[in-house]
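Q: I'm new to this one, and I'd like to learn how to read its features. Could you walk me through it?

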Amino acid sequence: MSEKGGRDIVLLDGGMGQELMRRSARPPAPLWSADTLAEEPELVTAVHRDFVAAGARVLTTAGYSVTPGRLAKARREAAFETLQAAALTAAAEARAGAAHPVRIAGCLPPLLASYQPFLAPEPAAALAGYRRLVAAQRPGVDLYLGETLPSIAEARAALDAARESGLPVWIAFTVDDADGRRLRSGEPLAEAAQAIAEAGAEAVLVNCSRPETIGVSVPELVCAGVPFGAYANGFTGVEALRPGLTVAVLEARRDLDPATYAAHALAWVAEGASIVGGCCEVGPAHIAALARALEGAGHRLVSAV
């Protein structure tokens, strides 16, 4: 517990992709993080540093598109190890100058496409894919974060692979923006959270959905019996995004300024969330406002649950 009756809250970073697109002179591409790690790694380090300066206690590696399946489709699978190593280096360089403790989370994203649960590999192939991600990231991470996972099956594959490392594993589901009580697969969020906690996840979250939707989702996580949390996106919707396209087809909200986002996140904390941060279109200014709001409410920012 912290002073003023507050709690210990893990503050995550925000969305890497949109920040990279804003700062890069290159046009958006389906493998945005892979391209940036290969050609402009200094931008990745700079974004990480800005999130640390804003108050983030956990940095997630910038390898969201660096999966074996996505690289294979682009005939770039040979670059997998090099790109994952570059993501670890960027996060480590950013942490080196931090004024507060920062942990690095290895990114375990959907293996083939965001928001498309029925495009996921079958279980054995998914487990093999996540094992490659886990092994590549193991030298430089403190925990693993499975994020934007749209189904129980893909979340379970990520969890099973990551648990083999012996490090903590957090799993974040993305939910249907029309029904925050269901995953994008249609499966009930409460059942998914409970199942993944029983399988060994140390924390369960929801992410990359609208903050208003996540407000409905957060109470559904209580039944998991483990620490829980959330980090929302700032898109008007994600329906336009299809495999092969980039997030440039999505529209950013104009009504989600840093103070407004912080208010949403404080509401999740009031519901019991102990891990909060931001996803796509939530930048360093949002995380800085959230850090100030959390500390102003008497909470203490920490790096571990």
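A: Let's start with a single side chain: that of Arg 182 reaches the backbone oxygen of Gly 186 at 2.6 Å. Keep in mind that this is a predicted model.

Q: Which residues is Arg 182 in contact with, leaving aside its neighbours within four places in sequence?

A: Those are Val 175, Asp 176, Glu 187, Pro 188 and Leu 189.

Q: What about the largest nonpolar core: how many residues does it have?

A: That core has 102 residues, and Val 204 and Trp 268 have the most contacts inside it. Helix H5 (residues 80-96) gives the largest share, 7 residues. Not counting residues up to four places away in sequence, Trp 268 touches several others, including Pro 211, Tyr 231 and Val 276.

Q: How many salt bridges does a search of the whole structure find?

A: There are 19. In one of them, the side chains of Glu 77 and Arg 132 meet at 2.8 Å, N to O. This pair links distant parts of the chain, 55 residues apart: Glu 77 is in the loop between helix H4 and H5, and Arg 132 is in helix H6. Asp 160 and Arg 156 also meet in a salt bridge, but both lie in helix H7, about one turn apart.

Terms used: Residues numbered from 1 in each chain as written. Predicted model: local features only at pLDDT ≥ 70, side-chain atom pairs only at ≥ 80, totals over all residues. Heavy atoms only, no water. Contact = heavy atoms within 4.5 Å. Polar contact = N/O pair within 3.5 Å; in protein donor to acceptor, adjacent residues only side chain to side chain. Core = buried A, V, L, I, M, F, W, Y, C linked by side-chain atoms within 4.5 Å. Buried < 20%, exposed > 50% of the residue type's maximum accessible area, 1.4 Å probe, protein only. Helix = DSSP H or I, 4+ residues; strand = E, 2+ residues; numbered from the N terminus. Salt bridge = Lys/Arg side-chain N within 4 Å of Asp/Glu carboxyl O.
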